[in-house]
Amino acid sequence: MKIGLIGNMNNNNFALLRHLLDLGADAELLLMADDGIGALAHFSPESDTWDLSRWAARIRQLDAPNRFISAIGSEFPWNLMFWAKHMLSVARGNPHPKLTRPLSASRLDRTLRPYDRLVGSGIAPALLMSAGRRLDVFYPYSSGVEWVGDPDVTALMKGQDRLKRAGALRVRDKQIAGIRASRHVVSSDIGYTAQVFAEMGISPLLMQLPMLYKEASPATYPPQLSALLDQLSHYDLRFISHARHRWCNTGDFQDDEWEFRYSKHNNWIIHAFAQFQRQRPHVRSVLVLLDYGTDATNSRLLCQELGISESVLWIERMPRMQLLEVINACDVGIGEFYSMPRMIWGGTALEIMACAKPLVQGFVFDDGEFQSLYGSAPPPMCAVRTQEDLTRWLLQLGDSPLLRSRLGEEGLRWFDSYNGRGLARQWLDLIAA
């Protein structure tokens, strides 16, 4: 049985690939054409390993991007739009215009023919429909299911541009058809994403995804990383939040809907750290933030407004393997803070736990609810529902090295038990079924 993993922008499939290979499975990664390109460069496979040569033979290129064009680009009249964009590029004097067009159904069929099982996310369900194939396992990487109910497609559906609305609706319809055709649908989120699946008439299998493959640190670091780690060593206490900044309403949603469903509440982190500094002025503390997301500029302005800019260290997007070393150099990891009940955490939380750092994370579950749903105790995280919860945890963790050490060690044990090879074995059994 040969397994094809259709990649997407967050590299979940690359982690799954390596776990499956460790288990002796015959698997390959099919990278989407825009995976690791441009703004998503830090999601390329070479960003997820210190030695890509170990896995290069198992990586193939799928000549289709994780974008609109892969769903309906070959259909009339949509194909005219891509030709028009190409001609406009030529007219503007582009010396090397590239014609972006969809992968033909016959070529896609030839590419996929060697694989007995296909696993994927992103635009893969809609893409495979054009080749008469279906996924054996679909999992969403986006809250609300990408191209169905995620914030970006929802905004397009509400927008004033009729052409974009029509295109988004067509993509949504094809995506839903492709997801419904999948043999298995898996999701780890029983909050908003579960609601979107319910509207599709789908009850996904509740299971998490092996999102991180741990590797040993290299003998030497790149110079820029070494300089950053040296800079961090001069502080007494280091907090880090490496989540994407998304907390300001785009204007496409009612404020209460945005706050409840879509906001990561990165602003809570900045306010809580400012409060920590006011109450613990003798501690040389720093908040490390990743310069990533549509609201990174707004976060910088908030830091200035609160007078903490000199104590906030902004770092550029970097390969995940390097980012893990930055997390290792910090004392407390801070995740994301959705307000919607039963919203599960993403890769940022797992990366913090894998580095044996205490995790401060949004967790809106009733007592015992998580274990009854997932069959295991939740991670030993510092659970947050409000900005006040977050402030309280930063103060407690900042005051107690013993608490930080205990929660970090317990978090690592949870990660090894519930998000490592054991979880990959469950996925292999599901794929083969």
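Is Glu410 buried, partly exposed or exposed? At 24% relative accessibility, Glu410 counts as partly exposed (buried is under 20% relative accessible area, exposed over 50%, partly exposed in between, with a 1.4 Å probe and protein chains only).

This is a predicted model, where local features need pLDDT of at least 70, side-chain atom pairs count only at pLDDT 80 or more, and totals for chains, interfaces and linings use all residues. Residues are numbered from 1 along each chain as its sequence is written, and side-chain values use heavy atoms, with hydrogens and water left out.

**View A. Arg406 and Glu410 pair up in a salt bridge.** The N to O distance is 3.4 Å (a salt bridge is a side-chain nitrogen of Lys or Arg within 4 Å of a carboxyl oxygen of Asp or Glu). Both sit in helix H18 (residues 401–418), 4 residues apart, about one turn of the helix. Helices here are DSSP runs (H or I, at least four residues), as are strands (E, at least two), numbered from the N terminus. Arg406 is partly exposed too, at 43%.

**View B. Arg320 meets Asp48 in a salt bridge.** Here N and O are 2.8 Å apart. Arg320 belongs to helix H14 (residues 320–328) and Asp48 to the loop between strands S2 (26–31) and S3 (59–61), so the pair ties together parts 272 residues apart in sequence. Arg320 is buried at 11% relative accessibility, and Asp48 is buried at 3%.

View C. Glu257 is partly exposed, at 23% relative accessibility.
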